[in-house]
2 protein chains.
Amino acid sequence: MARRSDHTREEIKTMAVAAGQELIRDAGYAGFSARKVATAIGYTVGTLYNVFENHDDIVLHINAMTLEDLLSVMERRFGISGDANTDLDDYEALKALAACYIDYARENYNCWSALFEHNLAPDMPLPDWYGEKIGALFMLIEARLKPVVGEDEAELRQTARVLWASIHGICALTLTNKLTLVGVETAESLTAALIENYIAGLKTRGAEL
Amino acid sequence: MARRSDHTREEIKTMAVAAGQELIRDAGYAGFSARKVATAIGYTVGTLYNVFENHDDIVLHINAMTLEDLLSVMERRFGISGDANTDLDDYEALKALAACYIDYARENYNCWSALFEHNLAPDMPLPDWYGEKIGALFMLIEARLKPVVGEDEAELRQTARVLWASIHGICALTLTNKLTLVGVETAESLTAALIENYIAGLKTRGAEL
DNA sequence: GGCATAATTAAACAGCGTTCAATAAAATAA
DNA sequence: TTATTTTATTGAACGCTGTTTAATTATGCC
């Protein structure tokens with residue numbers, strides 16, 4: 001058996017999350033189990049329950065890692081020093097942002113899908129450290145929206161959330177075949193239409209005030 | 001035991017779906033199991049597998065029933081003879097439509113949530129009869145969008161899908177606490193903002209062409 | 001009545017999340 | 001160094017899951 005000091009609690013956590021993410025990547029959220037994770041890292045399931053609270057806790061940490069990965073991919077392209085900062089107008093930048101998300105969801109379908117297939121009981125709020133990972137993603141959008149919306153904090157917040165949730169909705173329903181698309185419709189073309197009209201509306205209504 | 005001719009196959013199917021929906025309503029998708037359904041209708045799990053293909057098949061039929069219920073609720077308010085047809089302008093009608101969906105999701109959280117917690121394997125397409133239930137929902141939106149978009153079939157299709165998916169995205173992320181909302185932000189206020197800007201954009205851009 | 005057909009069941013299988021007593025190893029005290 | 005306390009790890013158990021299958025039971029037909 002694994003000896004007591006082979007790994008610290010933190011090391012086991014890290015190993016488990018990495019193995020769990022690989023498992024989900026290969027077999028989907030449905031193919032994931034604590035026992036498989038334990039076997040993959042050379043421990044038994046009891047050790048996992050010594051280190052994690054329960055099944056939800058494990059999945060939450062795996063999903064958080066996926067969120068971090070998504071964030072790092074998007075930051076590379078759209079962060080402060082990203083290469084999409086200079087030459088794109090507002091529309092194109094936001095469309096590229098949406099396309100980047102859709103791309104990630106497609107390329108990492110199982111991990112991305114686990115983000116939403118797993119839900120805590122309705123009365124159990126998401127832990128704060130998890131919410132912060134989500135918040136970090138919104139900052140990217142808000143930065144991109146500032147030229148359009150202006151500096152108003154509350155409006156920026158709201159606009160980013162509306163836009164992002166909408167993009168996600170299109171992505172989610174498209175990839176799970178729940179939009180009954182036909183012909184040339186794709187997640188990208190739909191988000192492009194969303195952004196064009198939504199931003200046009202923002203500018204028009206902003207000008208009216 | 002239940003005798004052979006107590007119920008036809010079709011009756012058992014109906015009973016199972018009803019019992020399954022009740023189960024999901026009370027205990028959530030995670031609390032659902034074929035054995036519990038079988039017990040609830042006075043049969044054993046083997047009989048269920050005689051009548052349904054597998055677990056996915058059962059859930060799909062339960063979810064289809066939820067879609068039908070959602071459709072009937074929305075048709076009562078927004079269908080051809082619904083009472084929201086006369087006195088509302090385009091914006092208000094669409095906002096009410098979104099609010100109706102959000103309401104349904106909140107009031108029937110477990111059933112609504114099961115619609116998206118359950119996913120077939122990525123290579124298994126949704127059966128046609130299921131897609132048709134979704135399509136019926138879109139017709140409602142398209143009818144509401146016609147005054148704004150015009151008669152162009154393709155544009156109507158696309159606009160309805162963009163708008164609906166966006167509303168769903170806002171609803172889904174809000175109800176699962178993944179939007180990190182603060183203060184006065186609600187699913188309703190966000191969808192209202194979406195619709196106002198999106199429709200304003202549609203009108204502006206429509207006028208420009 | 002007897003026979004074929006099909007519905008229903010009980011039991012089995014491997015796997016699941018979760019718990020817990022027993023054990024082994026490390027840390028500490030003597 | 002040895003004895004004792006602490007704790008990491010295990011294996012086995014519990015009741016549950018989806019799914020399959022052989023045996024049983026009820027029906028329709030001749």
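In the predicted model, the axes of helix α5 (residues 90–107) of chain B and helix α8 (residues 153–175) of chain B come within 10 Å of one another and cross at roughly 35°, where axes are lines fitted to C-alpha atoms, for helices over the stretch in contact, and angles run from 0 to 180 degrees between N-to-C directions. The crossing of α5(B) past α8(B) is right-handed, a crossing being right-handed if the near helix is turned clockwise from the far one by less than a right angle and left-handed if anticlockwise. To this contact α5(B) contributes Ala98(B), Tyr101(B), Ile102(B), Ala105(B) and Arg106(B), and α8(B) contributes Ile167(B), Cys171(B) and Leu175(B), two residues being in contact if their C-beta atoms, placed from the backbone, lie within 7 Å. By class, the contact of α5(B) with α8(B) comprises 7 nonpolar, no polar and 1 charged residues, with Ala, Val, Leu, Ile, Met, Phe, Trp, Tyr, Cys and Pro counted as nonpolar, Asp, Glu, Lys and Arg as charged, and the others, Gly among them, as polar.

Chain A has 9 helices and 0 strands, helices (H or I, at least four residues) and strands (E, at least two) being DSSP runs numbered from the N terminus. The C-alpha atoms of chain A fill a box of roughly 70 × 40 × 35 Å along the principal axes. Of the 209 residues of chain A, 35% count as buried, that is, with 20 or more other C-beta atoms within 10 Å of their own. Among contacts in chain A between residues at least 6 apart in sequence, 62% join residues at least 24 apart.

The contact between the chains takes 39 residues from chain A and 39 residues from chain B. On the side of chain A that touches chain B, α6 (109–117), α7 (128–149), α8 (153–175) and α9 (187–208) each supply at least two residues, and the largest share, 12 residues, comes from α9(A). The residues of this side divide into 19 nonpolar, 14 polar and 6 charged. Because 100% of the interface residues of chain A are also interface residues in chain B, the copies meet through the same surface.

Chain A can be laid on chain B with an RMSD of 0.0 Å by a turn of 180° and a shift of 0.0 Å along the axis, which is the relation of a two-fold axis; the superposition is by least squares on the C-alpha atoms of residues with pLDDT of at least 70 in both copies.

Residues are numbered from 1 along each chain as its sequence is written, while chains are lettered from A and ligands numbered from 1 in the order in which they are written. As this is a predicted model, local features need pLDDT of at least 70 and side-chain atom pairs count only at pLDDT 80 or more, whereas totals for chains, interfaces and linings use all residues.

Conventions:
A residue is buried if 20 or more other C-beta atoms lie within 10 Å of its own, exposed if 12 or fewer, and partly exposed in between; C-beta atoms are placed from the backbone.
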